[in-house]
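Q: Hi! I'm new to this one, could you walk me through it?
A: Happy to, let's have a look together.

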Amino acid sequence: MAIALEAPACAQGVIQPAGEASAAPAPEEEEARSSDLVDIVVTARRTDERLQDVPISITLFNQQQLNNRNITTAGDLAIYTPSLSANARFGAENTSFAIRGFVQDPGTNPSVGVYFADVPALRAYGATTAANGAGVGTLFDLQSVQVLKGPQGTLFGRNTTGGAVLLVPNRPTDALGGYVEGSIGNYDMRRIQGVLNVPVSDRLRIRLGVDRQVRDGYLKNRSPVGPRDFADIDYTAVRGSVIFDVTDTLENYTTGFYSNSDTNGSLARLIACNAAPATFPGGGAGTAQVAQANLACNQVARQDARGDGFYDVENPIVDPEQHIRQFQIVNTTSWVASDSLTVRNIASYGEFREKLRTSVYGEYLILTAGPFANNPARPLTVVQAGNFPGLDNSSQWGLTEELQFQGRFGTRLKWQAGGFVELSGPNKDYGSLTPSRLVC
């Protein structure tokens, strides 16, 4: 068990089939074993190839390496990947990627595309960076995570000017097996994860997985408004895969996932203010900027007087929430027409919904004049994200269809051709309520 004073820590236990228990290698030993592997297979060019044969800058993780580093979120992945940055401005569940300065702005598509089982991650066009990335519960039971750096538009289409992140799930195998893993930790963290692989027949194989985790938040709310903590975890993720060998040369592979995450969201901490607000460009005494700067300084002083720590925050939203629901189904049909030609059809359908109510910058500004003067239950927040009553911030469906032809001439020339279509639209009415209030 690794215990820190503030950051979440956990202990894990694994139940293995009889006869397979063995001492887990140290991280250094595990890395050495990985480096000794000669034929590491990647799909960076939309086909299975040896890593050393691919002329692309790639950072590769297998599932054991993800586990050893406790990589469970998109933000964790960025910590261990050179050139990959993560933007968690709207919470860990909404993390978006950036590579070499190519970032995603709210309401736009990403410049670093995320692919799950060869199809783009679900899109969303709300006021945040929701979807378009490695969502909650996607980083378990994976064959590999491949981070491709630099433009990938030729083989991965739009939204890959910065690079691409490929999540490759484990496929069903012809061996009966699985695992169950339980974890407990501080902040009342509990997690259970399990996978079962069943070969139904010589031609039919099934794989099922589930990941469930809950944890109290480590950001403590010091205001009288809203819940007691933030940055909590409460999600369920389910994944299923089926492979059916129609003939010796025709394979149908279907995989899908569903996840539901419902938390208080994250919250920023105000750590500084403009102590000389009259220096605002064009701002003089009585302007909104000056008034807000003075109120922000009051908040900083209030926090310092209480002795607030780094993980203490003040929340101005009565009922903050971040609720994300999504599912995606992918069907891949592969036909080996001959030794020199393979035809693949990849189709997917998915839906994404998000409801978000949060203070983007963590302002809890207590007014000093007017009808709500010195009323801590009626604070001012300058920038907040919210949903219209009864509506989601984002609600989107997406459909993709791709036809691939892959072949070779002799042993020295490989070629690919194909086409890709993506359709997307709103499931229903949705919208964000983002007030910017001025001090009158």
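Q: Is Cys273 buried, partly exposed or exposed, and why?
A: This is a predicted model, and in it Cys273 has 30% relative accessibility, so Cys273 counts as partly exposed.

Q: And what about Cys297, buried or exposed?
A: Cys297 counts as buried, because its relative accessibility is 18% and the cut-off for buried is under 20%.

Q: What do Cys273 and Cys297 form?
A: They form a disulfide, with the sulfur atoms 2.1 Å apart. A search of the whole structure finds one disulfide. The link between Cys273 and Cys297 is right-handed, with 105° about the S-S bond.

Q: Which parts of the chain does the pair link?
A: Distant ones: Cys273 lies in the loop between strand 17 (250-263) and helix 5 (288-306), while Cys297 sits in helix 5. The two are 24 residues apart.

Q: Switching topic, how many residues are in the largest nonpolar core?
A: That core has 25 residues, and those with the most contacts inside it include Leu66, Phe97 and Val145. Among the elements that each supply at least two residues are helix 3 (74-79) and strand 9 (142-149).

Q: What does Val145 touch?
A: Leaving aside residues up to four places away in sequence, Val145 touches several residues, including Phe61, Leu66, Leu77 and Val165.

Q: Which residues does the second core include?
A: The second, separate core has nine residues, among them Val54, Ile58, Leu148 and Leu166.

Q: Last one: where is Ser201?
A: Ser201 is in the loop between strand 12 (189-199) and strand 13 (204-215). Its relative accessibility is 39%, so Ser201 counts as partly exposed.

Conventions:
Residues numbered from 1 in each chain as written. Predicted model: local features only at pLDDT ≥ 70, side-chain atom pairs only at ≥ 80, totals over all residues. Heavy atoms only, no water. Helix = DSSP H or I, 4+ residues; strand = E, 2+ residues; numbered from the N terminus. Buried < 20%, exposed > 50% of the residue type's maximum accessible area, 1.4 Å probe, protein only. Disulfide = S-S within 2.5 Å. Core = buried A, V, L, I, M, F, W, Y, C linked by side-chain atoms within 4.5 Å. Contact = heavy atoms within 4.5 Å.
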